[in-house]
Amino acid sequence: MTTRKTLLTRALKTRAKLLSAGGMLAICLGTGAALVPLAVHAQNFESTQRQMLDRVVAVVNDGVIMQSELSDRLAQVEQQAQAQGGNLPPRDQLIQQVLERMVVDEIQLQMARQANLSVDDTELNRQLRTIAESNGMTLDEFADVVEADGMTLASVREEVRREMLMRQVQQRQISQRVSVNERDVERFLSQQPSQQGQAFSEETRARHVLVELTPNRDENQARTRAEQARQRLQQGEDFASVAREFSDDRGSAMNGGELGWVRPGQTVPAFEEAMSSLSTGQLSEPVRSQFGYHVIEVLERRRQDVTEESQREQVRQAIFQRRADEELQVWQREIREQAFVDIRL
């Protein structure tokens, strides 16, 4: 139990931003600060370090990303990899990857502010409770674990709020770019002869780890990282912990890689084909899709009774979700290209 909770908190740290330079300073100095004999010297040294850390490393439209923010994110990623035996790309590539993700996040958060989007506390608490329960904890236990590892629940809440705001922006934008008509539904049903005339739908509960290809992570590097994740899972490591460390699908990674119940047509063809070929409890080899490399595990399968109309609605939703996932990648590239971004590393 202790190991699982520690891994959870470490994973959360990789997504949490410490907004003060003092928080970053504590990470950088470790116990060395205790060696300074006079408090005034320590304060002067801390002030100097703040000035060094708090320089702008990226201008994103009318916002900035500070060195202290980038350094904190990098330090957490490196500490986590060291603690769990993970391999990281060369440091210059790692810096570029982390900063690039922060840039895209900042663009989406700016769009959320411009649209006056918000997340109320009730909705936020519900999401936090879901995350806690997915790890076998109550919300109070979750808060205790976070605080015992040197963080505050407030910082975690703020990070989850940011993720929820970005999801709102994504849903607004993508819903305008994706449509499904009756011809699409008919075409899909015609390609599934085994289910025509049947009053049930085959569903699969699965989880996965996704390793994306990025400008700084090529095909071989992405596959190698996916294979590393698979090897860790084969050695018996907790799937949820590995997903949080390795997966670039942030939505499912926060829930331990869980995708819930998946219906035919809801995932991209390469993923669905691989998932369909797995036995319950079986782990896939790295599977290539347009999103990157997936490591998939099937947890269980079920057959759901449905009416013809509800089946058509499920197909409609599945097609929409698949197209939305594909369109999200395109949209994020577009907003990155359209934004004014000045990298100052």
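The model is a predicted one, in which local features need pLDDT of at least 70 and side-chain atom pairs count only at pLDDT 80 or more, while totals for chains, interfaces and linings use all residues. Residues are numbered from 1 along each chain as its sequence is written, and side-chain values use heavy atoms, with hydrogens and water left out.

**Around F271**

- F271 counts as buried, at 4% relative accessibility; buried means under 20% relative accessible area, exposed over 50% and partly exposed in between, with a 1.4 Å probe and protein chains only.
- F271 and V295 lie 24 residues apart in sequence, and their C-alpha atoms are 9.6 Å apart in space.

**The chain overall**

- There are 14 helices and 7 strands in the chain; helices (H or I, at least four residues) and strands (E, at least two) are DSSP runs, numbered from the N terminus.
- Of its 345 residues, 47% count as buried.
- Looking at contacts between residues at least 6 apart in sequence, 74% join residues at least 24 apart.

**The sheet of β2, β1 and β7**

- Three strands form an open sheet in the order β2-β1-β7, with antiparallel pairing; two strands pair if DSSP finds at least two bridges between them.
- β2 and β7 (341–343) are the edge strands, each pairing on one side only.
- From one strand to the next, the twist averages 20°; axes are lines fitted to C-alpha atoms, for helices over the stretch in contact, and angles run from 0 to 180 degrees between N-to-C directions.
- Helix α5 packs on this sheet and touches β1, β2 and β7, its direction making about 40° with that of β1.
- β1 and β2 are antiparallel over 4 bridges, with V60 opposite G63 in β2 and V59 opposite V64 in β2.
- On the pairing of β1 with β7, there are 3 bridges, again in the antiparallel sense, and A58 stands opposite I343 in β7.
- β1 is mostly covered, with 4 of its 5 residues buried.

**Two asparagines with positive phi**

- The hairpin of β1 and β2 has 2 residues between the strands, and N61 there takes a positive phi near 55°.
- N61 is partly exposed, at a relative accessible area of 34%.
- N116, in the loop between α5 and α6, has a phi near 55°, a positive value in a residue other than glycine.
- With 69% relative accessibility, N116 counts as exposed.

**Nonpolar cores**

- The largest nonpolar core has 44 residues, of which I65, L70, V103, F142 and V160 touch the most other members; such a core is a set of buried Ala, Val, Leu, Ile, Met, Phe, Trp, Tyr and Cys residues joined through side-chain atoms within 4.5 Å.
- At least two residues of this core come from each of β1 (56–60), α4 (67–84), α5 (91–114), α6 (121–134), α7 (139–148), α8 (153–175) and α14 (308–338).
- The biggest contributor is α5, which gives 9 residues.
- A second, separate core holds 13 residues, including V211, A229, V242 and F246.

**Strand β3 and its partner**

- β3 (residues 200–211) is largely enclosed by the rest of the structure, because 10 of its 12 residues are buried.
- β3 runs antiparallel to strand β4 (residues 258–262), and 4 bridges join the two.
- In this pairing, R205 stands opposite W261 in β4.

**Helix α10**

- α10 (residues 219–234) has 16 residues and reaches 23 Å from its first C-alpha to its last, close to the 22 Å expected at 1.5 Å a residue; the expected span is 1.5 Å times one less than the number of residues.
- At the N-terminal end, D218 caps α10, with a side-chain oxygen 3.2 Å from the backbone nitrogen of N220.
- The buried residues of α10 are A222, R225, A226, Q228, A229, R230, R232 and L233.
- Just after α10, G236 takes a positive phi of about 100°.

Technical notes. A polar contact is a pair of N or O atoms within 3.5 Å; within protein, one must be able to donate a hydrogen and the other to accept it, and residues adjacent in sequence count only if both atoms are side-chain atoms. Contact means heavy atoms within 4.5 Å.
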